[in-house]
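Hi,

Have a look at it first, then read on.

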Amino acid sequence: MSSTYVMAIDQGTTSTRAIVFDHAGRIVVSRQREHRQIFPRAGWVEHDPMEIWANVREVVALALSAGDVSAHDLAAVGITNQRETAVVWDRHTGEPVANAIVWQDTRTKALVEQLGGPAGADRYKDAVGLPLATYFTAPKVRWILDNVDGARARAEAGELLMGTTDSWVLWNMTGGVNGGLHLTDVTNASRTMLMNLDTLEWNPDICAEMGIPMSMLPEIRSSSEVYGSGRDSGFLAGVPIAGILGDQQAATFGQACFEKGMAKNTYGTGSFLLMNTGTAPVRSENGLLTTVCYKLGAAPTVYALEGSIAVTGSLVQWVRDNLEMISEAAEIETFARTVDDNGGAYIVPAFSGLFAPYWRSDARGALVGLTRFVRKGHLCRAVLESVAYQTRDVVEAMNADAKTELTELKVDGGMTGNELLMQFQADQLGVDVVRPRVAETTALGAAYAAGIAVGFWNGEQDVIDNWAEDRRWSPQAGEDERARLYRSWKKAVRRTLDWVDDDVL
């Protein structure tokens, strides 16, 4: 193949990036732009879809220019995206009817409880693999239709489209109002609460009960196939768009977790631990999500168990921006290293309730165990330790569901540069923690999916061959200390529950 590179567009929670990879999976050039985090009320989190689309165009142009790469040098483009975030827009004008409602947003709490009825959170779980929760896309779309003037009538008239941000980006890239393709892949569809997990088709009964017209929904496709090509003469014109994966599934793919039982954890705004469970979905009995891991063209669908943690990296941002205890994120480790332990302090960052394995939208954040002895270093250490404890919560549930013991955890994301955290993570899990040489596994996974679809790579084996270990942390703590710390963490978690009443946000 004459084309030299594959590009990934990584539309994340806090920023959008364009990264160009060569055949060895190495980064050639990368450019990034942050977008605004909009907080209209406590518990509400929004993004401006038009700002996101503008940033996509900008980072692509900047990456091509900085890398001296032309569209003709690209074999394909892959898209990866923040999942669950809901965008609703007019198919005729291309204008969003409202800001996107972000996955962290909790405004749909009362709606979710209403939808659950006597069956509760498990009403749709057998069909879609997910509990009813504010996290997922469908309740957010329902909220927009119920609360934006005229939106429901326009939706029922067939004027509105909905999707996660992959669908929004793809629609615009392939022409927008001039024939843009309204598609999503199986991984993103599996996060909406509207797709049958076994058949990979939209469930008309759930759509009706959610009050979402099926005319709004994108067509579901595999994660690796040619969907179309860029249509703008100045923007990737003619380049095949050939891969879509939700960000956590993309990271799993980029980490070469192709065997049943292999797992990775991505430490980003939140943290997301996925374990490959093979070609049959495993229904969780311990608070995890059953989701699609990936599907390459016509090959069998691969499923995963997932533990989703709402707040990890964003806790460091909160300490920096809201408390102003640090001036930049990297200082959290510097101050944490000034003390030997957490001084008895625990932080449970239930800012948007607790996700896996608890699924408690009534929880709110807590700082417990304070004494006069506790100082800044202890609090910084407690921030980092909370990430490791939350991950252990998920691993404990995953071991029970999968009926196997995790033997190694592959890690990626920005927080893996924090070596104090990575060592503490290994200590808490009691297994090795392994970081790859290319840490941008989310974008890399989307690039691999796109490149495989067009023959740039020859399948999973090329991904395995390209993967290389950078650093490994092995457990150093004794079992008694590990158990003592975790026992106190579980006590701290219990203090956060039953906080939200009808009149308390």
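**Aromatic pairs**

Searching the whole structure turns up 21 aromatic pairs (rings of Phe, Tyr and Trp, the last by its six-membered ring, with centres within 6.5 Å; planes under 30 degrees apart are stacked, over 60 edge-to-face and the rest tilted). Before going further: this is a predicted model, where local features need pLDDT of at least 70 and side-chain atom pairs count only at pLDDT 80 or more, while totals for chains, interfaces and linings use all residues. Numbering runs from 1 along each chain as its sequence is written, and side-chain values use heavy atoms, with hydrogens and water left out.

Back to the rings. Trp44 and Trp143 have ring centres 5.3 Å apart and planes at 80 degrees, so they make an edge-to-face pair. Trp44 is in the loop between strand S3 (27-34) and strand S4 (46-47), and Trp143 is in helix H4 (residues 137-147), so this pair ties together parts 99 residues apart in sequence. (Helices, H or I with at least four residues, and strands, E with at least two, are DSSP runs numbered from the N terminus.) Trp44 counts as buried at 17% relative accessibility; the cut-offs are under 20% relative accessible area for buried, over 50% for exposed, and partly exposed in between, with a 1.4 Å probe and protein chains only.

Another edge-to-face pair is Trp103 with Tyr135, since the ring centres are 6.0 Å apart and the planes are at 65 degrees. Here Trp103 comes from the loop between strand S7 (100-101) and helix H2 (109-116), and Tyr135 from the loop between helix H3 (125-128) and H4, so parts 32 residues apart in sequence are tied together. Both are covered: Trp103 is buried at 3% relative accessibility, and Tyr135 is buried at 0%. These two also belong to a cluster in which ring pairs link Trp103, Tyr135, Phe136, Phe272, Phe355 and Trp359.

As for H4, which holds Trp143, nine of its eleven residues are buried. Among them are Lys140, Arg142 and Trp143. What covers the buried residues of H4 includes strand S6 (87-90), S7, H2, H5, strand S8 (160-163) and helix H8 (204-210).

**Salt bridges**

How many salt bridges does a search of the whole structure find? There are 38, each being a side-chain nitrogen of Lys or Arg within 4 Å of a carboxyl oxygen of Asp or Glu.

- Arg17 and Asp10 form one, with their closest N and O atoms 2.6 Å apart; both residues are buried.
- Arg381 bridges to Glu385 at 3.2 Å between the closest N and O atoms. Both are buried, and they are four residues apart in helix H12 (residues 376-402), so about one helical turn separates them.
- Glu156 and Arg152 meet at 3.7 Å, N to O, and both lie in helix H5 (residues 151-156), four residues apart, about one turn of the helix. Glu156 is exposed at 56% relative accessibility, whereas Arg152 is partly exposed at 23%.

**The whole chain**

The chain has 16 helices and 21 strands. Its C-alpha trace spans about 65 × 50 × 45 Å along the principal axes, and 61% of the 505 residues count as buried. Of the contacts between residues at least 6 apart in sequence, 72% join residues at least 24 apart (contact means heavy atoms within 4.5 Å).

Cheers
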